[in-house]
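Dear colleague,

I am handing over the structure below, and after it I set out what was found. Please read the notes with the model open beside them.

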Amino acid sequence: MPATSSARRTDSRPGGRSARVRAAVHQAVRELLTDEAGELTIPVVATRAGVHATTVYRRWGSVGELLADVATSRFSGDIVVPDTGSLRGDLDRYAYDLAKDLCDPDTLALVRATIGIGGEQGAAACRGERQRQLEAILEREQARGTQPPSLERTTDAVLAPLYYRAVFTNDPLTPEWTHSLVAHLLPD
């Protein structure tokens, strides 16, 4: 079976020219999103990155794929999974840290663009690492000997409202509000 285009694009060397191009293109996307200069296109990104548009098309194929890659890179490991000794404490800290991250204008611009342009691939890039982080918190709680809520229920109760409020409303993501999400999931 022939290699898919996405497999080919992810099998790059960790250093050298490929890494420099990726870093330059990612930086160009982040700058263009914060500049609000208008249209985000492959030729505009390539010009800003100082590379040829063909290089960007060959590696990413579309603006949606490029945004998904930038989002995946940005969200991988940026929030440390807390270990406070309790599920409630871990989820409170996690929700607070995620809300703080989503309040950053650069992060919010990337999330909105990735979801808006990237479709399902963009949404998956925005939620993938976050769900892995929640899963780690829930697995740790299970290792402590208690039965935590399911990943789906926790995602629906904590992750979904945070992203919805950040992306689609102008309502604040206050510490009190984030705490209330966890309190609804884990009533006393």
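A residue counts as exposed here when its relative accessible area is over 50%. By that cut-off Tyr164 is exposed, and Phe168 is exposed as well. The ring centres of Tyr164 and Phe168 lie 5.4 Å apart with their planes at 40 degrees, so the pair is tilted. Both belong to helix H8 (residues 151–168), where, because they are four residues apart, about one helical turn separates them.

Please keep in mind that this is a predicted model. The protein has a mean pLDDT of 85, with 89% of its residues at 70 or more. Confidence is highest in helix H9 (residues 175–185), at a mean of 97, and lowest in helix H1 (residues 5–10), at 41. Over residues 1–12 the pLDDT stays under 50, and for this stretch the model has nine contacts beyond four places in sequence.

The other finding concerns the packing of two helices. The axes of helix H2 (residues 16–35) and helix H5 (residues 63–75) come within 10 Å and cross at roughly 95 degrees; the two helices are therefore roughly perpendicular to each other. On the H2 side the contact involves Arg22, Val25, His26, Val29, Arg30 and Leu33, which meet Leu66, Leu67, Asp69, Val70 and Ser73 of H5. Sorted by class, this contact of H2 with H5 has six nonpolar, two polar and three charged residues.

With best regards

Note on methods. Residues numbered from 1 in each chain as written. Predicted model: local features only at pLDDT ≥ 70, side-chain atom pairs only at ≥ 80, totals over all residues. Heavy atoms only, no water. pLDDT = per-residue confidence, 0-100. Contact = heavy atoms within 4.5 Å. Axes fitted to C-alpha atoms, helices over the stretch in contact; angles between N-to-C directions. Parallel < 35°, antiparallel > 145°, perpendicular 65-115°, else oblique. Nonpolar A, V, L, I, M, F, W, Y, C, P; charged D, E, K, R; others polar. Phe/Tyr/Trp six-rings, centres within 6.5 Å; stacked < 30°, edge-to-face > 60°. Buried < 20%, exposed > 50% of the residue type's maximum accessible area, 1.4 Å probe, protein only.
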